[in-house]
Protein chains: 2
Amino acid sequence: MNAEIIAVGSELLLGQITNTNARFISGHLAEIGINVYYHTVVGDNPERLKETIAVAESRADLIIFSGGLGPTKDDLTKQTIANHLGTTLSMDDDAMVSIAAFFERAGRPMTENNKKQALVLEGSEVLVNENGMAPGMMYQNGDHMYMLLPGPPHELEPMFQFEAKPKLVRMLNEENIILSHVLRFYGIGEAEIEDRLQDILDKQTNPTIAPLASAGEVTLRITAKTDTTDEAWKLIDGAKEEILERVGQYLYGYDDDSLASKAIDLLKQQGKTISAAESLTAGLFQSELASVTGASAVLNGGVVAYNKQMKVQQLGIAPEFFEKHSVVSEEAAAIMAKAAREKFGTDIAVSLTGAAGPDAHGEEPAGTVWIGIDSDQGTHTYRLELSGLRNTNRLRAVKLALYYLIRTLADEDARKI
Amino acid sequence: MNAEIIAVGSELLLGQITNTNARFISGHLAEIGINVYYHTVVGDNPERLKETIAVAESRADLIIFSGGLGPTKDDLTKQTIANHLGTTLSMDDDAMVSIAAFFERAGRPMTENNKKQALVLEGSEVLVNENGMAPGMMYQNGDHMYMLLPGPPHELEPMFQFEAKPKLVRMLNEENIILSHVLRFYGIGEAEIEDRLQDILDKQTNPTIAPLASAGEVTLRITAKTDTTDEAWKLIDGAKEEILERVGQYLYGYDDDSLASKAIDLLKQQGKTISAAESLTAGLFQSELASVTGASAVLNGGVVAYNKQMKVQQLGIAPEFFEKHSVVSEEAAAIMAKAAREKFGTDIAVSLTGAAGPDAHGEEPAGTVWIGIDSDQGTHTYRLELSGLRNTNRLRAVKLALYYLIRTLADEDARKI
């Protein structure tokens, strides 16, 4: 079975929003072995939408639509598909009840146009919307399965993951087991990793090995297709061993690990607590840690000290210190980390100070960042020279701070991470 | 002139990354009046890429490719286009010099496969890559313009905005002036705003009015197409006046405003400073403020107090307080805001405390959040009941805190915001 994902909405073509839905759906389809060959985005225009559907029918078995199920005049997906397939729309009573309840909870009057959201393709299987009003639906017509999902990600994501995906898994006759395992690296470029693994990559057939780089991180996805789970893991483990022999020192985690989740795991395993003192990142480092469920077991908190005066007042750094040292300096990063560790009584503390941009800080060009890490192992500092825009630099600094934190927590031998 | 944007990369179809490039490019094309009718994503497969190019040639004048210019075997865009158009690739000397320099700066050896990045379509206009190695290019062939851009957003974005877009503007014969103006609303749903404006939306032709909702925010984009700038603004202002008469109380800003930039602007105008005490959001509120260039003029900093003990120690709240009140309570939000304002000596302070999820906090279900705002006007608190996943709730809480901050800073009459 192969799929095409069609996002409907002029706001996507105007650049007002990003098509995160296609990514979300694709990731889940990859997991269950459904190939996605195309994503398409088309505007709120019935003629162009019809042409897009016809093209998709010529090359995909499963056609997944996102968007255009809402209450406004622009929302044309259901009507256009019904029209194209020569079927009709009918009112779904359960959906109507839940729409009315939604307005009651919100304490707002239900306007007439909202009723349109309860219409579904006649004969379709309805997907309940737990987080919004428009229901989704699955509709089989000849060889094609049409799936219609609402546009807002907080509605689409749980609907797809918890309602639609299990139905797809049941539909697949599971002739094959497809298993994927992702290796996550940091501190090495995509070209370099591929160069070091060239002969392994050249000979790959089963398992396949796909490299990917994003925001300083490189991943390798190993995918095996066989009859049994055991056999699939055997293939994956063989490839993994070969890969790690060559680039294992850059490995930081697997599968759904992120730098933040890996750091939290290591802190938990070691029974250590953490705090932070942030300047240019202004809380983003702590927020990344807190994005991981269960972070409260290890994250005490920290200080955002966004100017020199606050570094003095809130971190207890002597005013004279900054007569000798710039706030963007190795010394400042070191003393900030020490101060945070003491103030918050944690086993480890991380500091970030620098010039995010667009302006330089004194003699330090925009993109200069110092990271400090204070722990029983002493104080370590790291200088970064970043070349992106303001918020790219802030995010990159946070990722690198997480990476150095992981290295500090792990043995010198990164293979043991 | 109309355009199609083709992103090339199997990682997009596997759901490993999001196609943010299409959004970025589309937004800039909309500004200069180039219509985008389709986005397409296709994998690293020469046959499917060729078919995609042929489809795009049948419906677009300008075809913009992102991705597939890198050093690895998967990077096939240039070769496939050259092959499709019957032209060849040649080495660009400037690009080769800059690739060698890149490796020298990074202190890493240049691997052989990196040289491939300096190849360009014979006869194309080269776009310099200031933030990476692979140059971009523009290539005219008959009625079609092909533009090739690198995949990584931090390379593509400045290349498109500062190199390619000015060239496109010169190419357009500017027969028409196209002007857009965006009105930004918060605290009103998309369906409700459309219901209130139904007759205005029904009669729209020039200017056009396009509503859009995302993350609790609704925008209306008013676009006029005329001979002169004056006339365009006259059309836009007329529509704007009609709209604001009906829903002006929900307006918070215009065009590139964000909730954070609007809050920073108001603080600057009023000469006020701000601090924060964050629990569930763990620094994300402060980080949002700091994402705005120049935030340092008003943002002093704040505390992340991620557990009860830290709220006591770092904010100086009496331990007995929490014997009477939950950390997720109106009282906790109020005292946290007051404590932060005092500690950081600011004119205003914002607090956030709540249960992000997935777990409830005692009797408070996941998604319960209290926001506190302390200023000369007294202490105000706001209760939220959010229904999303952990990180959606954290982000939504931050956006609502920014919204209430704006309301606090502005007059009661939101029209004056």
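Helices (H or I, at least four residues) and strands (E, at least two) are DSSP runs, numbered from the N terminus. The views below show a predicted model, in which local features need pLDDT of at least 70 and side-chain atom pairs count only at pLDDT 80 or more, whereas totals for chains, interfaces and linings use all residues. Residues are numbered from 1 along each chain as its sequence is written, chains are lettered from A and ligands numbered from 1 in the order in which they are written, and side-chain values use heavy atoms, with hydrogens and water left out.

**View 1. B:Ser375 lies in strand β16 of chain B.** B:Ser375 counts as buried because its relative accessibility is 8%, where buried means under 20% relative accessible area, exposed over 50% and partly exposed in between (1.4 Å probe, protein chains only). Leaving aside residues up to four places away in sequence, B:Ser375 is in contact (heavy atoms within 4.5 Å) with B:Arg341, B:Asp347, B:Ile348 and B:Thr408.

**View 2. An open sheet of 10 strands with mixed pairing runs in the order β17(A)-β16(A)-β15(A)-β13(A)-β14(A)-β14(B)-β13(B)-β15(B)-β16(B)-β17(B).** The edges are formed by β17 (378-385) of chain A and β17 (378-385) of chain B, each with a single partner strand, so one side of each has no neighbour in the sheet. From one strand to the next the twist averages 15 degrees, with axes being lines fitted to C-alpha atoms, for helices over the stretch in contact, and angles running from 0 to 180 degrees between N-to-C directions. Two strands pair if DSSP finds at least two bridges between them; β16 (residues 368-375) of chain A pairs with β17(A) in the antiparallel sense over 8 bridges, and A:Ile373 stands opposite A:His380 in β17(A).

**View 3. Helix α14 (residues 330-344) of chain B packs on the sheet.** This helix touches β14 (299-305) of chain A as well as several strands of chain B, including β13 (274-278) and β15 (348-354), and its direction makes about 145 degrees with that of β15(B).

**View 4. A:Phe285, A:Ile371, B:Phe285 and B:Ile371 touch the most other members of the largest nonpolar core, which has 82 residues.** Such a core is a set of buried Ala, Val, Leu, Ile, Met, Phe, Trp, Tyr and Cys residues joined through side-chain atoms within 4.5 Å. The contacts of A:Phe285, not counting residues up to four places away in sequence, include A:Val350, A:Leu352 and A:Leu405.

**View 5. A rotation of 180 degrees with 0.0 Å of shift along its axis superposes chain A on chain B (RMSD 0.1 Å).** This is the relation of a two-fold axis, the copies being superposed by least squares on the C-alpha atoms of residues with pLDDT of at least 70 in both. The C-alpha of A:Gly283 is the nearest to the axis in chain A, 1.9 Å from it.
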